[in-house]
Amino acid sequence: IRTTLSPLYFLLPFPSPLAPCERCLKLLSVCCASSTHTQSLDFSLLSPPQPKTKDTMFSAARFAARRVAGSAMRTQTRALHASSAAQAKVVVALYPDPVTGYPPKYARDDIPEIKGYNDGQTAPTPQGIDFTPGELLGCVSGELGLRKYLESNGHTLVVTSDKDGDGCELEKELVDADIVISQPFYPAYITRKRMEMAPKLKMAITAGIGSDHVDLQAAIDHKVDVSEVTFCNSISVAEHVVMMILSLVRNYMFSHKTVLEGGWNIADCVQRAYDVEQMAVGTVAAGRIGLAVLRRMAPFDCKLHYCDRHRLPKEVEEELNLTYHATPEEMVKVVDIVTINCPLHPETEHLFDAEMLSKMKRGAYIVNTARGKICDRDAIAAALESGQLAGYAGDVWFPQPSPKDHPWRTMPNHAMTPHTSGTTLSAQARYAAGVREILENFFAGTPLRSEYQIVTDGKLAGVGAHSYSEGDATGGSDESAKFKAGK
């Protein structure tokens, strides 16, 4: 009742002859006393002059109750952000709107509904959503479809794209934030410094998968829970990987550029074009994304390899005719195409450095849709220049957005895109629903699904315990401020 005092007069059980009774006064006293404010209310308002008729008696009583309820509501609203433990401030960092403005319509009228995944996990199941699946939700105006839900429950929502550099809007809002939400595609780097700027911070939510933009060690030390929407866009990313493998091997990017420039020299287009048939494809990690890539490459009659610290069941290896390798170093020596699908943490940071690249077959390809920092930036560029790598593709950079002088923008034989693989309109509907589910659990005080947990109660938990190691992988993220400065 405290949160709906303004319409309370409709509910008061006025007895005959419709004058406020002791029960009404007691009800209002309890409601107002339970509020967070300390202002005393003038209950003499409930004693209007003696009305002359039944109708005026009802109006006077109703008016008096409305005055008290309205006074309580106004005072409670003033106190809402300062003292009510039940209300939270949620800060969300999202990528900017399209240059042409938020879309008034879309290319398609609907998207397929995904209810579950092939490992038995269900898609997000919030109590409700306040958006239409297929809408652009990951930008500032999209707000992940959260505003109506949060504000109707008395919470505060702040959405910004200004996330980089000292004194940015994100840092200003973090000071009294309870929850921070960010996407991997346009990450708000929650470093130890920023975490210590936010003494009230209780949870960092990744709208998507991959929480390396949060200093997990600092989250453990400060007991800030970290969560993500596991599997929400894994297939989206796997599809992107297959597209990039084919684009590199078939030399699609150059051929398309030839058409755009008005050319038609077929020899130029095919001098670096091959078939993927019977090529050896190996994934670093065979989790939800890596295994999905292997399944999608099997119909191309490729030889499939994988390495992972958790070996796949024997029946899966036999089904796909997989070759297992204990280490990436062992696998890269024999495959033609490497697809990187492991999370970023201290053990995988710069895993693909100059030494690792030198062990690969000359003319091999790398597709990295995991995290940019798994690869040594300069070593990748040098390997393409020398011809050790025939091509490199991916959509992940470090930092993000990458500075304009990032060498991956200009290195030869690459097929890089901005970080888009997991933020299709289809994927956005799922991870927005997953964020809503996580928030509903948080506010209800109920546990999250184990597959959504990364850090819980000061330790790695759920998927986090399976996939991550303790430590920090956010070092160097302050360089993202260069993009903001136009550099």
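The second largest pocket of this predicted model has a volume of about 560 Å³. Among the 29 residues that line this pocket, Leu-248, Asn-251, Arg-272, Ala-390 and Asn-413 are the closest to its centre. A pocket is an open set of points on a 1 Å grid over the protein atoms alone, with protein on both sides within 12 Å along at least five of seven lines, and lining residues have an atom within 4 Å of a point. A volume is the space filled by probe spheres set on the points, which are joined across faces, edges and corners.

H7, helix H8 (252–260), strand E10 (364–368), strand E11 (389–394) and strand E12 (414–416) each give the lining at least two residues. H8 gives the most, with six residues. Helices (H or I, at least four residues) and strands (E, at least two) are DSSP runs numbered from the N terminus.

Residues are numbered from 1 along each chain as its sequence is written. Local features need pLDDT of at least 70 and side-chain atom pairs pLDDT 80 or more, while totals for chains, interfaces and linings use all residues; side-chain values use heavy atoms, without hydrogens and water.

The whole structure holds three cavities of 30 Å³ or more. A cavity is a set of grid points where a 1.4 Å probe fits but cannot get out. The largest has 17 lining residues, of which Pro-187, Tyr-189, Asp-212, Arg-371 and Trp-397 are the closest to its centre. Asp-212 also lines the second largest cavity, along with residues including His-345, Pro-346, Tyr-468 and Asp-472.

| Space | Volume | Lining by class |
|---|---|---|
| Second largest pocket | about 560 Å³ | 15 nonpolar, eight polar, six charged residues |
| Largest cavity | about 120 Å³ | eight nonpolar, six polar, three charged residues |
| Second largest cavity | about 40 Å³ | six nonpolar, three polar, three charged residues |

Ala, Val, Leu, Ile, Met, Phe, Trp, Tyr, Cys and Pro count as nonpolar, Asp, Glu, Lys and Arg as charged, and the others, Gly among them, as polar.

Helix H7 (residues 234–249) also packs against helix H10 (residues 288–297), at an angle of about 50° and with the axes 9 Å apart. H7 is therefore oblique to H10, oblique being the class left by roughly parallel (under 35 degrees), roughly antiparallel (over 145) and roughly perpendicular (65 to 115). Axes are lines fitted to C-alpha atoms over the stretch in contact, and angles run from 0 to 180 degrees between N-to-C directions. Contact (heavy atoms within 4.5 Å) involves residues including Ile-235, Val-241 and Ile-245 of H7 and Ile-289, Val-293 and Met-297 of H10. By class, the residues of this contact are ten nonpolar, one polar and three charged.
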